[in-house]
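Subject: Structure handover

Hi,

Here is the structure I promised to pass on to you. Please open it first, and then read my notes below.

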Amino acid sequence: MKNTKVKAMVSIGMLSSIAYLLMFLNFPLPMFPNFLFVDFSDIPALIAALIFGPVAGILVELFKNMLNYFATGSPTGIPIGHLANFAAGIVFILPTCYVYNKLKSKKGMTLALVAGTIIMAVVMSIANYFIVLPAYTALMGFPDMRNLVVPAILPFNILKGVMMSIIFMLLFIRMQAWLNKFSVKNA
């Protein structure tokens, strides 16, 4: 049991570091506002959640965002973008992990990623409308940008989820047996 806890802590640390580095490999998509960036840092968190359970995935999301905030700061002084990234990661990985654990197969993972993408896109649209964008408006003096939720933020998050899902499925096809073998939460 102690060995399992050590393995989990070390793995969470390593996956958090990988996720943190992946945050730097972000890029905008040309048809969306320039403050929306795609990165693939939720993939290590999803791997952690699948192997060690949902708390491990949440911890990877937390640590990568804390590291990034301390390294890069925030234009508002408050980590609004980091909190939004943390929330988006959680609402992507938790439903994905839950659905996959019910339907352990490649088809199950595909359905899980679709569920995670849809839930993330909807929840983050609501969060952006009521919390994130008003916070930027208040703290940065930006104009009210809530009119961007439906034409920009919702489709951006759907596209981001699809891109992450494709990358993850390419990894998952090769890693499925390994993930199931080393999954601590099922032991």
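**Around S41**

S41 is buried, because its relative accessible area is 0% (buried means under 20% relative accessible area, exposed over 50%, partly exposed in between, with a 1.4 Å probe and protein chains only). Before going on, please note that this is a predicted model, where local features need pLDDT of at least 70 and side-chain atom pairs count only at pLDDT 80 or more, while totals for chains, interfaces and linings use all residues. Residues are numbered from 1 along each chain as its sequence is written, and side-chain values use heavy atoms, with hydrogens and water left out.

S41 lies in the loop between β2 (37-38) and α2 (42-52); helices (H or I, at least four residues) and strands (E, at least two) are DSSP runs, numbered from the N terminus. The S41 side chain makes a polar contact of 2.5 Å with the side chain of D39 and one of 2.6 Å with that of K64. A polar contact is a pair of N or O atoms within 3.5 Å; within protein, one must be able to donate a hydrogen and the other to accept it, and residues adjacent in sequence count only if both atoms are side-chain atoms. Leaving aside neighbours within four places in sequence, S41 is in contact (heavy atoms within 4.5 Å) with A19, L22, M23 and K64.

**Helix α2**

Just after α2, G53 has a positive phi of about 105 degrees.

**Where α1 meets α3**

The axes of α1 (residues 2-24) and α3 (residues 54-72) come within 8 Å and cross at roughly 50 degrees. Here axes are lines fitted to C-alpha atoms, for helices over the stretch in contact, and angles run from 0 to 180 degrees between N-to-C directions. From α1, the residues involved include A19 and M23, and from α3 they include K64; A19, M23 and K64 are also among the contacts of S41.

**S74**

S74 sits in the loop between α3 and α4 and counts as buried because its relative accessibility is 18%. Its side chain reaches the backbone oxygen of I78 at 2.8 Å. Leaving aside neighbours within four places in sequence, S74 is in contact with Y69, P79 and I80.

Best wishes
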